[in-house]
Amino acid sequence: MPAKAGRINFAFVVAGALVLALALSSMASQRPPDAGLLKGGNEVAGGDSYRAMLTLKDVAARLERDPLAKRDLSYTYAHLAWAYVGLSRPDDARTAVDNALKADPNIL
């Protein structure tokens with residue numbers, strides 16, 4: 001297996017785990033999810049990785065300035081990792097996963 005394929009598979013698995021964590025914990029969240037996060041997540045789910053990347057990068061930049069939005073920021077980066085996987089950008093996906101865990105180490 002080429003090294004690049006291994007990196008894509010790893011990023012895919014980690015991004016999937018983070019998005020699953022989002023789905024499970026959103027039910028317990030007291031604050032509704034950010035509208036931009038929901039939009040970007042729907043774009044990822046719909047297969048529009050490029051548009052999702054653009055949306056989620058903007059959302060992440062905005063949420064970085066909100067100290068109360070750490071959980072949404074973490075989920076934004078998790079969805080951004082999925083978008084990068086869809087664009088075959090495993091290094092960017094890994095960075096997004098790292099940022100998700102940095103924003104909220106309890107995401108998993």
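**Figure 1. S88 in the loop between helix 4 and helix 5.** S88 is found in the loop that joins helix 4 to helix 5. The structure shown here and in the other views is a predicted model. Most residues other than glycine have a negative phi. S88 is not glycine, yet its phi is positive, near 55 degrees.

**Figure 2. Helix 3 and its buried residues.** Helix 3 covers residues 49-63, which makes 15 residues. From its first C-alpha to its last it reaches 20 Å, close to the 21 Å expected at 1.5 Å a residue. The buried residues of helix 3 are S49, A52, M53, T55, L56, V59, A60 and L63. An α-helix has 3.6 residues a turn, so residues three or four places apart point the same way. Which helices do the buried residues of helix 3 pack against? They pack against helix 2 (35-45) and helix 4 (70-86).

**Figure 3. Helix 2 against helix 3.** Two packed helices are described by the angle between their axes and the distance between the axes. The axes of helix 2 and helix 3 come within 8 Å and cross at roughly 160 degrees. Angles over 145 degrees count as roughly antiparallel, and helix 2 and helix 3 are therefore roughly antiparallel to each other. The crossing of helix 2 over helix 3 is left-handed. On the helix 2 side, the residues that meet helix 3 are G36, L37, K39, G40, G41, E43 and V44. Their partners in helix 3 are R51, A52, T55, L56, V59 and R62.

**Figure 4. N42 of helix 2.** N42 has its place in helix 2. Is N42 buried or exposed? N42 is exposed, because its relative accessible area is 57% and the limit for this class is 50%. The C-alpha atoms of N42 and A52 are separated by 8.0 Å, and the two residues are 10 apart along the chain. A52 itself is among the buried residues of helix 3.

**Figure 5. Helix 2 against helix 4.** The axes of helix 2 and helix 4 come within 10 Å and cross at roughly 20 degrees. Angles under 35 degrees count as roughly parallel, and helix 2 and helix 4 are therefore roughly parallel to each other. Helix 2 passes helix 4 in a left-handed crossing. L37, G41 and V44 make the contact from helix 2. From helix 4, the residues in this contact are D72, Y75, T76, H79, W82 and A83.

**Figure 6. The largest nonpolar core.** The largest nonpolar core has 20 residues, and L73, Y77, L80 and Y84 touch the most other members. Helix 3, helix 4 and helix 5 (90-103) are the elements that give two or more residues to this core. Helix 4 gives the most, with 7 residues. Leaving aside neighbours within four places in sequence, L80 is in contact with M53, L56, K57 and A96.

**Figure 7. D104 after helix 5.** D104 lies in the segment that follows helix 5. D104 counts as buried because its relative accessibility is 9%, and the class takes in values under 20%. Which residues does D104 touch, not counting those up to four places away in sequence? D104 touches K70, R71 and S74.

Notes: Residues numbered from 1 in each chain as written. Predicted model: local features only at pLDDT ≥ 70, side-chain atom pairs only at ≥ 80, totals over all residues. Heavy atoms only, no water. Helix = DSSP H or I, 4+ residues; strand = E, 2+ residues; numbered from the N terminus. Expected span 1.5 Å × (residues − 1). Buried < 20%, exposed > 50% of the residue type's maximum accessible area, 1.4 Å probe, protein only. Contact = heavy atoms within 4.5 Å. Core = buried A, V, L, I, M, F, W, Y, C linked by side-chain atoms within 4.5 Å. Axes fitted to C-alpha atoms, helices over the stretch in contact; angles between N-to-C directions. Parallel < 35°, antiparallel > 145°, perpendicular 65-115°, else oblique. Left-handed = near helix turned anticlockwise from the far one by under 90°.
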